[in-house]
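Please look at the sequence and the structure before reading on.

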Amino acid sequence: MTQQPWRELVQRLFRGCEFSPPTNAARITAAERVLGAALPSDLRYLLLESNGLVGRHGISLVWPVERIETDNLAFRSNPDFRELYMPFDSLLFVGDDGGGDQFGFRILAGEVQPDNVYRWVHENDSRQWFAGELRDYLARALGHDTESD
């Protein structure tokens, strides 16, 4: 997908979204180094426009890069989680639904898959396909059909 103005797209989907000040490429690169995986290019572009995206009811649709880094490290290293859940190494969490479920890109053979966003359901530890690329994820999370936009 080519770089696009994410603010414009998100405002078309839902005018009530809150944008944050942008991050910078160095901060994204630092997070990628710590996480051992490159962020999808669309996510990088969005973070460079708005370091996080808040939707309806204060839902963190896209976390700031700092939270992407810290929450993924926490999910992967928490000893209690190892006893409760399947490993989280196959997901790169980037947002949540405000009720405990997380959304993340699939990681396959160490590579983040930009066209596979999964929902992790915390009640039963299931991982369900939710959307294709970032645009599709935002449209679905905001309740819109990507075919009509």
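The model is predicted, with local features requiring pLDDT of at least 70 and side-chain atom pairs counting only at pLDDT 80 or more, while totals for chains, interfaces and linings use all residues. Residues are numbered from 1 along each chain as its sequence is written, and side-chain values use heavy atoms, leaving out hydrogens and water.

The table gives the two pairs, with helices taken as DSSP runs (H or I, at least four residues) numbered from the N terminus. Axes are lines fitted to C-alpha atoms over the stretch in contact, and angles run from 0 to 180 degrees between N-to-C directions.

| Helix pair | Angle | Axes apart |
|---|---|---|
| α1 (residues 6-13) and α6 (residues 134-141) | about 30° | 10 Å |
| α2 (residues 25-35) and α4 (residues 65-77) | about 10° | 9 Å |

Because angles under 35 degrees count as roughly parallel, α1 and α6 are roughly parallel to each other, and α2 and α4 are therefore roughly parallel to each other.

In the pair of α1 with α6, where contact means heavy atoms within 4.5 Å, Trp6, Leu9, Val10, Arg12 and Leu13 of α1 meet Leu134, Arg135, Leu138 and Ala139 of α6. The residues of this contact divide into seven nonpolar, no polar and two charged, with Ala, Val, Leu, Ile, Met, Phe, Trp, Tyr, Cys and Pro counted as nonpolar, Asp, Glu, Lys and Arg as charged, and the others, Gly among them, as polar.

In the other pair, the residues of α2 in contact include Arg27, Ile28 and Val34, and those of α4 include Val65, Glu66 and Asn72. This contact divides into eight nonpolar, one polar and four charged residues.

A cavity is a set of points on a 1 Å grid over the protein atoms alone where a 1.4 Å probe fits but cannot get out, and its lining residues have an atom within 4 Å of a point. The count comes to one cavity of 30 Å³ or more, and the largest cavity has a volume of about 30 Å³, a volume being the space filled by probe spheres set on the points, which are joined across faces, edges and corners. Its lining consists of Trp6, Arg7, Val10, Phe19, Leu46, Glu49, Ser50 and Leu53.

Definitions and conventions. Angles under 35 degrees count as roughly parallel, over 145 as roughly antiparallel, 65 to 115 as roughly perpendicular and the rest as oblique. On a 1 Å grid over the protein atoms alone, a cavity is a set of points where a 1.4 Å probe fits but cannot get out, and a pocket is an open set with protein on both sides within 12 Å along at least five of seven lines; lining residues have an atom within 4 Å of a point.
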